[in-house]
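Me: I'd like to go through this structure with you, one topic at a time. Could you keep to what the coordinates show?

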Amino acid sequence: MEFFDVYNPDRTKTGLKCERGGELPPNGYRLVVHICIFNSKGEMLIQKRQLVKHAFPDMWDLSAGGSVISGETSSEGAERETLEELGLKTDLSKKMPRLTFFCENIFDDYYIISKDIDLDELTLQESEVSEVKWADLEEIIDKIKKGVFVPYKESLIKLLFELKDSRGAR
């Protein structure tokens with residue numbers, strides 16, 4: 001059984017915990033992370049979610065992601081999710097999320113990693129990920145339009161691709 005820390009709208013832990021699938025208290029938020037891995041060709045590593053997944057089964061998604069469990073920081077949750085889903089060890093302890101959104105009682109942190117990875121060296125979590133591949137912006141947008149990619153806003157995907165090479169808002 002997994003528990004999440006409950007945050008207030010200012011992103012401060014409230015001291016409360018919520019069980020996965022449980023209802024958050026009023027004005028309560030939980031923390032979710034997404035990891036976007038880009039190679040030197042400017043392609044993003046994408047994963048195909050298993051058919052048995054509750055949310056968005058058998059659809060393509062960003063490199064890795066999931067809920068931050070109780071006691072973890074955002075970066076620790078991102079490291080754990082990347083290791084669990086892809087078998088890829090990362091050190092994000094000195095990295096801040098490149099983007100954070102909040103909606104529907106969720107703080108959603110996006111981490112961007114630049115790394116050339118041999119896909120054959122990844123160890124996919126069988127219960128979560130059925131396959132991975134490198135994809136450019138156009139392929140991901142095409143998959144969103146065809147309804148085979150998790151329905152992110154196209155503008156978000158474009159922004160992630162723009163942010164992969166930048167160090168700030170300039």
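Me: Where does Thr90 sit?
Reply: In this predicted model, Thr90 is placed in the loop between helix 1 and strand 7.

Me: And is Thr90 buried or exposed?
Reply: Thr90 has a relative accessible area of 14%, and because the limit for buried is under 20%, Thr90 counts as buried.

Me: What does Thr90 touch, leaving aside its neighbours within four places in sequence?
Reply: With those neighbours set aside, Thr90 is in contact with Glu79, Thr82 and Ile113. As for Ile157, which is 67 residues away along the chain, its C-alpha atom is separated from that of Thr90 by 22 Å.

Me: Staying around there, what about Arg80, buried or exposed?
Reply: Arg80 belongs to helix 1, which runs over residues 74-86, and at 16% relative accessibility Arg80 counts as buried. Once neighbours within four places in sequence are left out, the contacts of Arg80 are with Ser67, Val68, Ile69 and Glu72.

Me: OK, on to the cores. How many residues are in the largest nonpolar core?
Reply: The largest nonpolar core has 23 residues, and those with the most contacts inside it are Met44, Leu62, Ile140, Phe149, Tyr152, Ile157 and Leu160. Two or more residues of this core come from each of strand 3 (30-38), strand 4 (44-49), strand 8 (106-114), helix 2 (137-146) and helix 3 (154-163).

Me: Which element gives the largest share of this core?
Reply: That is helix 3, with five residues. Apart from this core lies another one, of 21 residues, including Ile37, Ala64, Leu92 and Trp134.

Me: Back to Phe149 for a second, what does it touch?
Reply: Not counting residues up to four places away in sequence, Phe149 touches Ile46, Met59, Trp60, Asp61 and Leu62, and also Ile140, Lys143 and Ile144.

Me: Which residues of helix 3 are buried?
Reply: The buried residues in helix 3 are Leu156, Ile157, Leu160, Phe161 and Leu163. They lie on the same side of helix 3, because they cover an arc of only 165° around the axis. On the other side of helix 3, Ser155 and Glu162 are exposed.

Me: Why would residues spaced like that point the same way?
Reply: An α-helix has 3.6 residues a turn, so residues three or four places apart point the same way.

Me: And what do the buried residues of helix 3 pack against?
Reply: Their packing partners are strand 3, strand 4, strand 7 (99-103), strand 8, strand 9 (129-135) and helix 2. Leu99, which lies in strand 7, is buried with a relative accessible area of 15%. Beyond residues up to four places away in sequence, Leu99 touches Leu156, Leu159, Leu160 and Leu163, along with Asp108, Asp109 and Tyr110.

Me: Which residues of helix 2 are buried?
Reply: In helix 2 the buried residues are Leu137, Ile140, Ile141, Lys143 and Ile144. Their arc around the axis is only 160°, which puts them on the same side of helix 2. The face turned away from that buried side carries Glu138, Lys145 and Lys146, which are exposed.

Me: What covers the buried side, then?
Reply: The cover over the buried residues of helix 2 includes strand 4, strand 5 (60-61), strand 9 and helix 3. Just after helix 2, Gly147 takes a positive phi of about 80°.

Me: Which residues have a positive phi although they are not glycines?
Reply: Phe56 is one of them, with a phi of about 55°, and Glu104 is another, with a phi of about 45°.

Me: Last topic, pockets. Which residues lie nearest the centre of the largest pocket?
Reply: Arg30, Val32, His34, Phe56 and Ile106 lie nearest its centre, within a lining of 43 residues. The volume of the largest pocket is about 1200 Å³.

Me: What is the lining like by class?
Reply: The lining of the largest pocket has 18 nonpolar, ten polar and 15 charged residues. Among the elements that each supply at least two residues of that lining are strand 2 (13-19), strand 6 (64-67), helix 1 and helix 3.

How values were computed
Residues numbered from 1 in each chain as written. Predicted model: local features only at pLDDT ≥ 70, side-chain atom pairs only at ≥ 80, totals over all residues. Heavy atoms only, no water. Core = buried A, V, L, I, M, F, W, Y, C linked by side-chain atoms within 4.5 Å. Buried < 20%, exposed > 50% of the residue type's maximum accessible area, 1.4 Å probe, protein only. Helix = DSSP H or I, 4+ residues; strand = E, 2+ residues; numbered from the N terminus. Contact = heavy atoms within 4.5 Å. Arc of directions from axis to C-beta. 1 Å grid on protein atoms, 1.4 Å probe; cavity = no way out; pocket = protein on both sides within 12 Å on 5 of 7 lines; lining within 4 Å. Points joined across faces, edges and corners; volume = space filled by probe spheres on them. Nonpolar A, V, L, I, M, F, W, Y, C, P; charged D, E, K, R; others polar.
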